[in-house]
Structure formats: structure tokens, C-alpha cells
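Subject: Structure handover

Hello,

Here is the structure I said I would pass on. My notes on it come after the display.

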Amino acid sequence: MTVTDIPEKDDPEKAAEARPAKLGAVGWARWFWRTLTSMRTALILLFLFALASIPGSIWPQRGVSDAMVGQYYADDPELAEWLDRFWLFDVFKAPWFAAIYLLLFLSLIGCVLPRTTAHLRELRRKPPAAPRNLSRLPQYAALDGDLTVEEAARRLRRLRFRVTTGDGWVSAEKGYLKETGNLLFHVALLGLLVAIGAGALYGYRGNVLVVEGDGFANTVAAYDRYMPGQQVNAESLEPFSFTLEDFQATYIAQGRKRGQALDYSARLAVSDRPGAPERAYELKVNEPLDVNGTMTYLIDHGYAPTFKITDGKGQVAFEGPVPCLVVQPATFASECVIKVPDAQPEQLGVLVAFLPTAVPAEGGEWTSVFPGAANPTAQVYGAFSGDLGMRDGVPQSVYEIPPEILKTLKPLVMKADPLAVSQKLDLPGGVGSIEFTGVREWIALQITYDPGRLPALLASALATVALVFSLTVRRRRVWVRVGEGPGARAEAGGLTRTGGGDFGEEFASIVVALNHGSNPGVKDAR
Amino acid sequence: MPAEADPVLAALSDQLILVTVLLYVLAMLAYALDLAFGRDRAETSTAPAEPVLAAVGGTAATAAQQGEDGAAVRSGADEVPETAASGAGEDTGGTGPAPKPLPAWVTRAGTAALVLSWLGLATNLGALVTRGLAAGRWPWGNMYEFVIAICMAAMAAFLLMQLRYPVRFLGATVSAAAALGLGAAVHSLQVEAGPAMVALNSYWIAIHVSAAIAASGLFIVAGACGVIYLIRNDAAVHLPTREELERVAHRAIVIGFPIWTFAVIAGALWADKAWGRYWGWDPKEIWAFITWIVYAGYLHARATAGWKGRSATIVQLVAFGCLLFNLIGVNIFIPGLHSYAELPGQ
């Protein structure tokens, strides 16, 4: 985008249109540059920029809603393939999107640079000499009394005008802050772009799921998903660690809004660097943990019931928490998968439905009525034995047994009665037993390091302040001519160089100040 | 934060909303009467009380007021009576051509309209305050409350502008929009007062959402000007001139745009605290960005000569459309992180 208020005389548009018939390479380059930096091109690019971001709100974006992108692929792979060819799942990383904003910012630079030098020259220049006939100006008034040049200049200076005088005239100008603000605003936008770019190159982002009682140390290996910028060194991660001691979710227990969450709070014991003493931190939504600029956010939570699985040989083959996926967000009915590759003689796979507050429903089914764990039950709805296929090197999700493997397994139990805490289910055929030992909770964390955060904040704060000056200040000029000879009266004229409402009111108060040498704010000085 | 809302205050809030709708509808009728019969422009709009202005050349002063640049005055035929009225005002004692005396009730309609809308603004504010007290939090935690707050902001923006500038002609449109907005909120968005979603428990709601509401109020005033601009035909002598409409719209946007910029930045700051990134191209962020860009485009288009009048007004209305889509459409149609609408029946 180009800077506002281009004075009409040096409007580059006209120069761009009047392009000579024969152009050399330099001529073409010059024509291209002129066209690019013209206001019309800038406006078109600006609107294209807005238009180009619309698809980003129509189609789900990778990194924002990956699951929905996956759904597109599942529903119609061919359409999804085509959408992907046009980067419609990655609009904001698309080359065509980048082309628009890079051209726009190039156009902006092309406009800001010459205007900055022009403005710096203006700042040193004296206001122009008074025109001969002040009454032709948009604002004009005859002044009372016999004002001298010196006195008029003094009174205008007191109104914070920049003043120059000549033979029988005074020329005054103020409002340079408009163009200063204007230029600073656009420079700040460039700064913002640089800060965002730097953040993407030198920052990283990762997700990790932590169960109550477990810990996390900030190393690449500890992440479930790690997305570094191109310039991030795995060694440079802030070396903090913490243990999740306890997680509490509070819900409304009564009334129509029963079950709505009121608060989430995770109690952490944080060690800022290896060997440092632990400190307690209460991690909440809107209150991230900050360790030297590396931020840890609480973004999700769920249940991780604990199980003890004994195999056919009577040995404990699995003991611990199993993070479950939430199926029904309103009641936190969840589904869990327990894979027991160590079970003997055969591996075991168990599918469990976890209900935090279970009540019987119709037809012998069970359902959860409340997200808090008031009556937690775990219902085994499928237990299988056989080779889980975990040794052949193909990575598997911990949240599912792949359907093609499930088909090869031998079903043991389908839909057992729900277990309460510390109840046990014996698997038929003497292959083992499953004990529901307790309930823990898991939290999903996002850990972010973005060195561009603070620069981006400073740039946008500067942009806002500069914008206010650019929009509210007006450049205005006032001239005074004092009469010659006895009886001749002084006169004043004024104009604004840039738009923005009526100058009349202010000019009137300037006239008052010129007449009386008083503060224009004092009305009864007249 | 209490889990239970205070039922008495919540009921009071609901009743105050109904009173507000009633007041806005009455105000709209009074503004319409004022517009149709009571409009005496030399008296209401340009009354240069300052004796200094009398010394100022008549044509020059009007030229500066009619054209933003003081240079580019495109005198349309519809503008001529205006110029005559304000220019000649000094000589004829500020009355201008008065065809026939108006009944007293008509001349009072404008005053009555202002009184009604100030009262409506007070009850609108009262409804929000009682709602907030009932729920024990900032009263813009869901779509219902947000729409009520925006209606209040639009009315407040208009009434405050009206104190300084002669923009009473906007009253009918703004109060109609506010009454319709409140009616729609009561009819299809109302939810029981209660705690907001956990993600909204932050002081940023006071900063980010309030700024968005204030900017929206100003943009609604500008949008009202734009709509009148487009539907106005040259025969509609009771309506303000196109130049006047454009000037008011521009003024509202010049104030609203920095506030909107601030709202977006405050939103980014909040996102940085809540979601682990300051900008993530969430649908709400995308449309806030688009709105910002199009309003920025409007300001540029106006600042560079040639894009004034109709085309600038259309750009402004496109931006306003983006704003409305962002405020309402995104909450309802597009799933995203900003899904705080808490629509009834969900």
C-alpha cells in the first residue's frame, strides 16, 4: 500500500500512463517501478490482499484445523487433491499469497522512500512566501488594528506555527506531524512484516500431552509434534522442565448451564534449567508459563484412566494411565485404546469407553451426563488377542488399532459390563485380566518460542500511534499581510494542504489570536 | 466468578432491553418526523455564532466546508441551495427562506427524538450493566450480549457526534438499525445470563472486545451515511447533501479505523496469551484483517483524488459488509477459535 495524500502534481499514475513508445531495458525497469509504486497499483494490490485471504476462511487450514483438512481428504480425495494443488489448505503459505504481499510491500517501499526524503527536505524548508492576494484563499479574514510583522510572527509562533517573515508578510505552517505519522505508520508495517518473518524463521512450536504425575523436559524428543523454524537449532531449546502435579477442571454442577466449564487449572512444579530449584506455577487458560520467552500454554485436557493388565502367565504386562480421546465434549465421554505388546503368550489390544459420570441409559447402554468424574466407569467394548503389528516398523497412532490389523485379531470380549474403579474383568480363555485402577487427567500443551513477538508488538504499537497522527493532524498554512500606509488594515489567509474537515473553525480562532494576541481557547477575549 | 447468575438482575436486564427497543422505535419515529417536516437547515446545521466568522468571506468559507481539500469542490446542482442558505444566513438573520410556519409539535420532534434516544442509550447501558452484574463478569461474553453492546455503541457514536456536528439526519437510520439489532438479539440470540466460556476469563475481554464494539459503533454510523448516500436521489431535499453524508462517514471512519486497529492488535495480544500465537489466521482474524484492509483501502482511495463520492462510498460499504460478516457471520457459519457465540439451542 502506498502512503496517503499524494499531492496531485507529482502523482506517479500520470507518469506511468504517459509511457513513451520506445523503451530500453532501463526504460522498462523504470516503467515497471513507476507502475508498481503508483497509487492505483497499490490499491489494487491492497484489495487483492484482502480478497486472497478469503479462501483461508472458507477452507480449513493446515496448522489451524488439521482434522478438518483430513476430513476433506476422507470425503472426496480427488477434490481435496485439487484444492491442495492451489494451496487452498495453506492459503497463507501459498506462493500466490506471498506474491501479493511482497509486491504490495515492495510498492510500499517504493512510495515511502522518496516521500521520506521529500519530507525530510520539507522539514528543513521554510514556509513559502505569502501569495499576493490573500482573499482568494479558502480562508480569509481582515484583521483589526495595526499589526506589525514581528507581532504577527510572535503570535503565530505562540500557536506553535513554524514561521518565516518577509517584506510586509508573515508565512506560517504547521501540521508536519501528519506526514511524519503517515510515513512512520507505513515503516512500522514493514517492521511488522519483518518481525513476523523473523519469528517464523527463528521460532518453534510444539505440542505435548502430559498426564498427571508425569513430567516434561523441553527437548525435541519430548514433543509429540515439533515444528521448528528453518533457522532453529535443536540444541538451542530453552532447557526447562516441569512435572504436572495436579489438574483441576471446575464445572457448573446445577441449573440449565450444568456441565459448562468454569475454570481449568494445572499445578506445575517448574525447574527453569537443569538443577535449578523447583518453583510452583499454576498454569491456566490465558495465563501461560513463561520461561525466558519460551511460553507454555494449556490448550486442552481429557481423562487418562489407569489400568493394570495381567497376562495369561500371571505377570503384570501393563500398568499405568491411558490417555483417552474425548468423543463427546459436553460430557467428556471418551474412548481409549490399550495396547499390550508385552503380554504373553499373545499380545493384547483393548478398546475401552470411559464415562466420567456414568448413568444407565435405555437398552442396557451407559452414558455420561456430566464432564466431571463423579462416577467414573470404564467399559471394555472390545478385547482382542493376536499380533498388534507394532514390530514391523510402521508407526501407529496410540489412539487406535489400525482397522486392517484389528481384522486379524481374535475377539475375546465384546461389550462387557462397565467397571467401577478397582473392579476387574477376567478375559475368557485364561489370557489375562483387566483392572480399572483409577482416574487421572491429561493436559495438552503448546510450547512456543517466537523471538518476533516483542518486535511485532512494538511495530504495531508504533503503527497505531503513527496512524492516529496521520489521520487527525492536518497540514495548514496561514499567511498575514500587513497593510502599508495609514489606515491600511492587516489581513490573514489560510488553507489546509491535506483533507480532513473544516479548517474554518480553527482559522477563526487563529484570527482571534492574531487580533488579540491571546490564547484562542479563551472565548471572552474577543 | 459466581456459577449462578442473579435472577433478579438478569430479569431486570431483559426488561430494560425491551424498554430500550421501545425508546429507539419512538426516537426513530420522531427523527423521521423531524426529517420530513421540521428540517430547517440554516438553523440546525450551519449556525456560525462566532462574530469572527462573519468577517470571513462567505464563498470561501462554504467552499472549505463543502470540499475536503478546500481545492476540489465539485459543485453538484443539489448543492446550490445549501450554499445559498449558509452563505446568506448572516444577512437574513439565520432563517433562510421559510415557506410557511410549522406546527409546534413538528418543530419539537427533533428535540423529542434526541431526548428519547439519550434515554434509550441510558436504558441500553443499564441493561448491559445489570446483565454484567447478574453474571458477575464483563457483559459481552456471548453473541446476545455482543449485539446489544454494538447497538449501544452505534447509538452512542451517533449521539456523541451529534453533540459536535450537525448530523441529526442520521438519527432515524441509526435508531432503526439499533432497534432492529436489539429486536433480533432478543428474538433469536437470547441466552440465559451466566458465566462465560473459560477462554474469556481474562482482562483482555475488557480491552479487545470493548475496542471492537466502539469501532463497530462508529463504522455503523459511517455505514448509515453510505446507505443514505446511495439511496438518496436529487429530489430528496429533506435529506442532507451527498457531500455532507460523505464527510460524516469519513469522519466516523477516521475515528473508528485507529480504534479498530487497536482492537485487532489487542486481539493479537490476547491470542498470544490464550492460544500460544499472536496471529494464526483463525476465521475471525482473517475477517478482521480483511475489514481492516478494506477500510484502509477506503482511506487511501479517498486521500488520492478521483475516488471520492460514489466509488469511495461503495468501498466503505464493502468494508462495512466485511465488518458485519465478521461480527455475525463468522460466529454463526464458520467454526473457529472464536466460537463463543453460545447460540441458543446449542
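Predicted model: local features only at pLDDT ≥ 70, side-chain atom pairs only at ≥ 80, totals over all residues.

Of the 346 residues in chain B, 58% are buried. Its accessible surface is about 13,800 Å², and carbon and sulfur atoms account for 70% of that. Among contacts in chain B between residues at least 6 apart in sequence, 83% link residues at least 24 apart.

One helix pair in chain B is worth a look. Helix α7 (residues 143-164) and helix α8 (residues 171-189) of chain B have axes that come within 9 Å and cross at roughly 170°. Angles over 145 degrees count as roughly antiparallel, which means that α7(B) runs roughly antiparallel to α8(B). On the α7(B) side the contact includes B:Met143, B:Ile148 and B:Phe158, and on the α8(B) side it includes B:Val174, B:Leu182 and B:Leu189. By class, this contact has 14 nonpolar, 3 polar and no charged residues.

The largest nonpolar core has 131 residues, and B:Phe158, B:Leu170 and B:Trp260 touch the most other members. The helix that gives the most to this core is α7(B), with 17 residues. Leaving out residues up to four places away in sequence, B:Trp260 touches B:Phe219, B:Trp292 and B:Leu323, among others. Another core, of 56 residues, lies apart from the largest one; A:Phe247, A:Val291, A:Phe332 and A:Phe436 are among its residues.

Regards

Note on methods. Residues numbered from 1 in each chain as written. Chains lettered and ligands numbered in written order. Heavy atoms only, no water. Axes fitted to C-alpha atoms, helices over the stretch in contact; angles between N-to-C directions. Helix = DSSP H or I, 4+ residues; strand = E, 2+ residues; numbered from the N terminus. Parallel < 35°, antiparallel > 145°, perpendicular 65-115°, else oblique. Contact = heavy atoms within 4.5 Å. Nonpolar A, V, L, I, M, F, W, Y, C, P; charged D, E, K, R; others polar. Buried < 20%, exposed > 50% of the residue type's maximum accessible area, 1.4 Å probe, protein only. Areas by Shrake-Rupley, 256 points an atom, 1.4 Å probe, with all protein chains shown as cover. Core = buried A, V, L, I, M, F, W, Y, C linked by side-chain atoms within 4.5 Å.
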